[in-house]
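Morning, everyone. I have one structure to go through today, and I will take it in pieces. Please look at the sequence and the model first.

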Amino acid sequence: MSKKDVPGIGEYGGPAGGWGALQAVAKALRGEMSTRRTTILMQVNQPEGFDCPGCAWPDPREGSSFEFCENGAKAVSWEATNKRVTPEFFAKHSVSELWGRDDFQLEWEGRLTHPMAYNPDTDHYEPVSWDEAFRRIGAGLRALPDPNMAEFYASGRASNEAAFLYQLFVREYGTNNFPDCSNMCHEATSVGLPQAIGVGKGTVTLEDFDHCDAIFSFGHNPGTNHPRMLGTLRAASLRGAPIVVFNPLKERSLERFKSPQHALEMTVGKAVPIASHYYQLKIGGDAAALKGMMKALLAMDAALRAGGAGGLLDRDFIDEHTLGFAELVADLDATSWEEIEQVAGLSRASLEEAAGIYAKAKRVIVCYGMGITQHRHGTGNVQQLMNLLLLRGNIGREGAGICPLRGHSNVQGDRTVGITEIPSQGFLNALERVFGIKAPRDKGHGAVEAIEAMHAGRARALVCLGGNLPLAMPDPQVCFEAMRRLDLSVHIATKLNRSHLMVCKNTLLLPCLGRTELDVQAGGPQSVTVEDSMSMVHASRGTLQPASPLLKSEPAIVAGIAKATLPDSKIDWDAFIADYNRIRNAIEAVFPDFDDYNERVRVPRGFRLDSPAARREWRTPSGKAHFIVFDSQDERPLARPDARDVLVLATVRSHDQYNTTIYGKNDRYRGITGRRDVIFANAADLAERGLEHGDLVDIEAVAAHDNASEPRIVRNFVAVAFDIARGSVAAYYPEANALVALANFDRRSGTPSYKSVPVVLRRAAGGGKASHVDREEDAAA
Ligand SMILES: Nc1nc2c(c(=O)[nH]1)N[C@H]1C(S)=C(S)[C@@H](COP(=O)(O)OP(=O)(O)OC[C@H]3O[C@@H](n4cnc5c(=O)[nH]c(N)nc54)[C@H](O)[C@@H]3O)O[C@H]1N2
Ligand SMILES: Nc1nc2c(c(=O)[nH]1)N[C@H]1C(S)=C(S)[C@@H](COP(=O)(O)OP(=O)(O)OC[C@H]3O[C@@H](n4cnc5c(=O)[nH]c(N)nc54)[C@H](O)[C@@H]3O)O[C@H]1N2
Ligand SMILES: [Mo]
C-alpha cells in the first residue's frame with residue numbers, strides 16, 4: 001500500500017518552519033481567541049511582557065522583537081482562549097460522563113472559572129467558596145497521622161514565587177515528598193551532571209552558540225519542542241559550523257528549516273540545512289555511539305603522538321581539572337567495536353567520521369533531550385556526553401559546554417528554589433534560619449515513589465500544583481487506581497484534564513491565573529520570575545483580564561492552603577501575597593545566588609545564575625571534574641527472555657501537543673493528519689513481520705521485571721512506514737503510556753524508561769487497514 005492510500009498519513013515534503021508554521025499560528029489563534037486578545041502575542045518573551053508558557057529556550061539578549069514561534073502561539077492561545085468551564089458546565093456533565101471524552105476534548109472546553117468540590121453522592125463537581133475549599137484541604141491534611149502520608153506534586157510551569165512558597169508551606173507542614181515533572185524528565189541530568197561537574201544544569205549561554213565550531217545534538221526534536229532553537233541552529237549552519245545529529249528518527253526540523261522571521265527566505269530563498277551529518281542510531285544506542293566516538297578519538301590521539309605530533313586530547317585540562325581518565329581509557333579499551341556497532345546500529349566508519357568532526361572543532365556544544373534521559377541508564381548516558389566534552393576541555397570556555405534542553409518553561413527554576421525530594425542539608429538549615437521553622441530531614445518521595453505509596457495506601461493525600469500526574473506517569477493501570485484510593489486530592493489548574501476526573505472521597509479543583517493574565521494583589525499588579533534552560537532569571541508579567549474574576553494566583557492559592565493547614569504557622573502568608581517582592585527577598589535570604597534579586601530581575605532579560613562549572617570551578621567532593629565510566633554500553637531495555645522479534649519503542653511528542661495537552665491531532669512534520677493512533681516503524685521491520693504500511697497492529701510490551709497482572713497491550717494502531725532506524729519504533733505519549741511499566745526506570749535517577757520499551761507487533765486481532773480519520777478534531781494545524 002502506498003503512503004497516500006492511508007487516511008491521515010502522508011509525506012511532508014517541506015522544510016520545518018516556512019508558510020506552514022505561519023498558517024498554523026493563524027489557525028491556532030482563530031480557533032481560540034478574539035482579535036483583541038491576539039495582540040498579546042506581541043508581549044511574548046518581551047522585557048515588559050510575559051514568559052512564554054511553552055518551552056524553556058532562552059530569549060536573545062537583544063535583536064529580535066518578535067520572539068515567539070508556532071508552538072508558543074499554540075500554548076498562549078490555548079491559555080488565553082475565550083472558552084470557559086463554569087459551574088453550569090459541571091452541573092450538566094457528571095464526572096463519569098466526562099470520563100468518556102478524550103483528553104483533547106476535556107481541555108478544549110476552556111478555562112476553569114470557579115473553585116469546585118466533587119460530590120460523590122451526585123457524581124458532579126459543585127461550586128464551593130475559596131474559604132470552604134481551603135478549610136476542607138486544611139482539615140484533610142491535618143487529619144493525617146504523619147505528614148509523610150501526603151504527596152505534593154509540582155509541574156514545571158509554576159513561577160519561582162509560587163514554587164518557593166509551595167515548598168516552604170510543605171516543609172513547615174513536615175515532609176519532603178515533592179514528586180515533580182523533573183522526575184520524569186531531566187532527573188538524569190540533575191543526578192548525573194553534579195557527579196561529573198558539580199552542577200546539575202547546563203553550562204552554556206545563548207551567546208556560546210555564536211562562537212562554537214560544532215554542535216552535537218542527541219535525542220531532541222527542536223522543530224516541535226523548542227522551536228526558537230531553530231533560529232540558533234540556522235545561524236550556526238549559515239556560519240558553516242557542522243551540526244551533527246544522533247537520532248533514530250529522521251526529524252524534519254533537524255534536516256532543514258525555513259525561517260518565518262526572514263522575509264527573503266520565505267519568499268524566494270531556499271530552506272537552510274540544519275544537520276550536516278545525521279546518524280540514525282538505534283533507540284538506546286547512545287552510550288555505545290559515544291563510546292565508539294571516544295574510542296576513535298583515543299586511537300587518533302595515539303596515532304598523532306606516535307608520529308611525534310601533539311595529541312588531540314586536552315592533556316593539560318585533563319591533568320589539572322579531572323579525575324578518572326585512566327579508568328575511562330581502560331573501559332574504552334575493553335569495549336569492542338563489534339559490540340559498539342551492534343548496539344548503536346552505526347558503523348565504525350560513521351563513528352570515526354563523527355569523532356573526526358569533534359576533534360577538528362576547537363569549541364563544541366553538546367545538546368540533548370529526552371532521547372538521552374528517558375532510558376534505563378539515562379544517568380549513565382548523560383555522563384557519557386560529559387566524558388566526550390571533557391576529553392578536549394570543551395567546558396568552561398567560550399563556545400563550548402553542555403546544553404540540556406529543559407522541558408517546562410520554569411522546571412529549572414522550580415528546582416532552584418527548592419522543589420526536590422532530596423534537599424541539601426545546607427538549604428534546609430537556611431530555611432530554618434530564615435523562617436524559624438523545623439524542616440524535615442528525611443528524603444522524600446519522587447514521582448515513582450509517590451505513586452507507589454498512593455497505590456499501597458501509605459500516602460492518603462495528593463496536592464498538585466498544575467500538571468496531569470497520572471497521565472504523564474507510566475502505567476496508567478496503577479496510577480489511575482492510586483488516585484482513586486486517596487482520601488484527599490487537590491488540583492490547582494487552568495484547564496480540565498483527566499487527572500481531575502480520577503476523583504476520591506474529597507477532591508477539590510482550584511482554578512488559577514495563567515502566565516498571560518494580570519495578577520493584582522493588595523500591593524498592586526505583581527510580576528513573577530522564571531529561569532530558562534540557560535540559567536537566565538527574568539520577570540514575567542501578564543496583561544490579560546483574568547478568565548474569571550474568581551481566579552486566584554498560584555502563590556495566593558498556596559498561601560490559602562498553608563493558612564488553613566497550619567494555624568500556628570511562623571510565616572506571614574498575607575504579607576507575601578500582598579507584594580511578591582517580599583517572596584523574592586525571602587528567596588534571596590535563603591539562596592545567596594539571588595543577591596539583589598529584586599533589582600537584578602528588573603533589568604530587561606534579567607540575570608544569569610552563577611554556574612561554577614562554567615568557570616571551571618568544580619563543586620564535587622574532590623574539587624575536580626570526573627570522567628565517569630558506564631560499565632556497559634547498552635542502555636537498551638531488557639526484554640522477557642522468551643520474547644521473540646522484539647522491537648524497542650520510544651514514546652514521543654507530536655507537533656500538536658504540549659505533554660498531555662493535545663492541541664490537535666496533526667503531526668505536520670511527520671506527515672500525520674487527524675490521528676494519533678500510529679506507530680512509526682522501519683518498512684523492513686514491518687515486512688519481516690508480514691506487515692505493511694497502513695495495517696492495523698496490536699502492540700504488546702514485553703519488558704523484563706514487569707509484574708503486571710494483565711498483558712500490556714494497546715490495540716488497533718496504524719503501522720506507518722517511516723525513516724527510522726531498524727529495530728526501533730515510535731508512538732505518541734500519552735496514548736502509549738499503557739505500555740510503560742512503572743517498574744522500569746533508571747535506578748540512579750528514577751527517570752521512567754519512556755524511550756525504551758521492548759515491544760512486539762502483531763496484526764490486530766480483527767485484521768484490516770486504517771480507515772477513517774477524526775478530521776473535525778484538529779483544532780490547531
Ligand atoms: N510544543 C511542545 N514543546 C515542548 C513540549 C511539548 O510537549 N510540546 N514538552 C516540553 C517538555 S516537558 C520537554 S521535556 C521537552 C521535550 O523535548 P524532546 O526531548 O525533544 O522530546 P521528545 O518528543 O520526547 O523527543 C525526543 C527525541 O528523541 C528521539 N529519540 C528517541 N529515542 C532516542 C534514543 O534512544 N536516542 C536518541 N539519540 N534519540 C532518541 C526521538 O526521535 C525524538 O526526536 O520539550 C518541552 N517543549
Ligand atoms: N510516555 C511518556 N510519558 C512522559 C514523557 C514522555 O516523553 N513519554 N515525558 C515526561 C515529561 S518530560 C514530563 S515534563 C511530564 C509532564 O507532566 P506534567 O507537567 O504533569 O503534565 P502537563 O501535560 O504538562 O500538564 C498539563 C496540565 O497543566 C495544567 N496547567 C497548564 N498551565 C498551568 C498553569 O499555568 N498553572 C497550573 N497550576 N496548571 C497549569 C493544565 O490543567 C493542563 O491540563 O510527562 C512525562 N511523561
Ligand atoms: Mo519534560
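Two strands count as paired here if DSSP finds at least two bridges between them. With that in mind, phenylalanine 218 stands opposite tyrosine 368 in strand E13. Before I go on: this is a predicted model.

Let me stay with E13. The strand covers residues 364-368, and it pairs with strand E7, residues 214-218, in the parallel sense over five bridges. There is also strand E14, residues 401-404, which runs parallel to E13 and is joined to it by four bridges. In that pairing, cysteine 367 has cysteine 403 of E14 opposite it.

How many residues of E13 are buried? Five of its five, so the strand is mostly covered, where buried means under 20% relative accessible area. As for direction, Val364, Val366 and Tyr368 point one way, while Ile365 and Cys367 point the other way. Both sets are buried.

Next, the ligands. Ligand 1 has 32 residues around it, and those that come nearest are Asn221, Glu251, Asp286, Gln657 and Asn659. Which secondary structure elements each supply at least two residues of that shell? They are helix H11 (222-225), helix H20 (370-373), strand E24 (647-652) and strand E25 (657-658). By class, the shell has eleven nonpolar, 16 polar and five charged residues.

A backbone N or O atom of asparagine 221 sits 2.8 Å from an oxygen atom of the ligand. For asparagine 225, a backbone N or O atom is 2.8 Å from a nitrogen atom of ligand 1. Arginine 653 uses its side chain: one of its N or O atoms there is 2.9 Å from an oxygen atom of ligand 1. On its own, ligand 1 has 920 Å² of accessible area, and the protein covers 99% of that.

Arginine 653 comes up again with ligand 2. An N or O atom in the side chain of arginine 653 is 3.1 Å from a nitrogen atom of ligand 2. The side chain of lysine 755 has an N or O atom 3.1 Å from an oxygen atom of ligand 2. A polar backbone atom of glycine 467 is 3.2 Å from an oxygen atom of this ligand. Taken alone, ligand 2 exposes 930 Å², of which the protein buries 97%.

The shell of ligand 2 consists of 31 residues, the closest being Glu107, Tyr153, Glu554, Thr660 and Asn737. Divided by class, that is twelve nonpolar, 13 polar and six charged.

On to charge pairs. Side chains of opposite charge can pair when their charged atoms come close. The cut-off used here is a side-chain nitrogen of Lys or Arg within 4 Å of a carboxyl oxygen of Asp or Glu. How many salt bridges does that rule give? The count comes to 48.

The side chains of arginine 415 and glutamate 187 meet at 2.8 Å, N to O. Arginine 415 counts as buried at 16% relative accessibility, and glutamate 187 is buried at 3%.

The second pair is lysine 201 with glutamate 531, also a salt bridge, at 2.8 Å, N to O. Lysine 201 is in the loop between H9 and helix H10 (208-211), glutamate 531 is in strand E20 (residues 528-531), and they are 330 residues apart. Which of these two is buried and which partly exposed? Lysine 201 is partly exposed at 23% relative accessibility, whereas glutamate 531 is buried at 1%.

Arginine 460 is buried at 19%, and aspartate 487 is partly exposed at 27%.

The network links Glu70, Lys74, Asp656 and Arg668 through salt bridges.

Last item: lysine 495, in the loop between E16 and strand E17 (506-511). Lysine 495 counts as buried at 5% relative accessibility. A polar atom of its side chain lies 2.8 Å from the backbone oxygen of tryptophan 78. That is the end of my list.

Notes
Residues numbered from 1 in each chain as written. Chains lettered and ligands numbered in written order. Predicted model: local features only at pLDDT ≥ 70, side-chain atom pairs only at ≥ 80, totals over all residues. Heavy atoms only, no water. Near = heavy atom within 4 Å. Polar contact = N/O pair within 3.5 Å; in protein donor to acceptor, adjacent residues only side chain to side chain. Areas by Shrake-Rupley, 256 points an atom, 1.4 Å probe, with all protein chains shown as cover. Nonpolar A, V, L, I, M, F, W, Y, C, P; charged D, E, K, R; others polar. Buried < 20%, exposed > 50% of the residue type's maximum accessible area, 1.4 Å probe, protein only.
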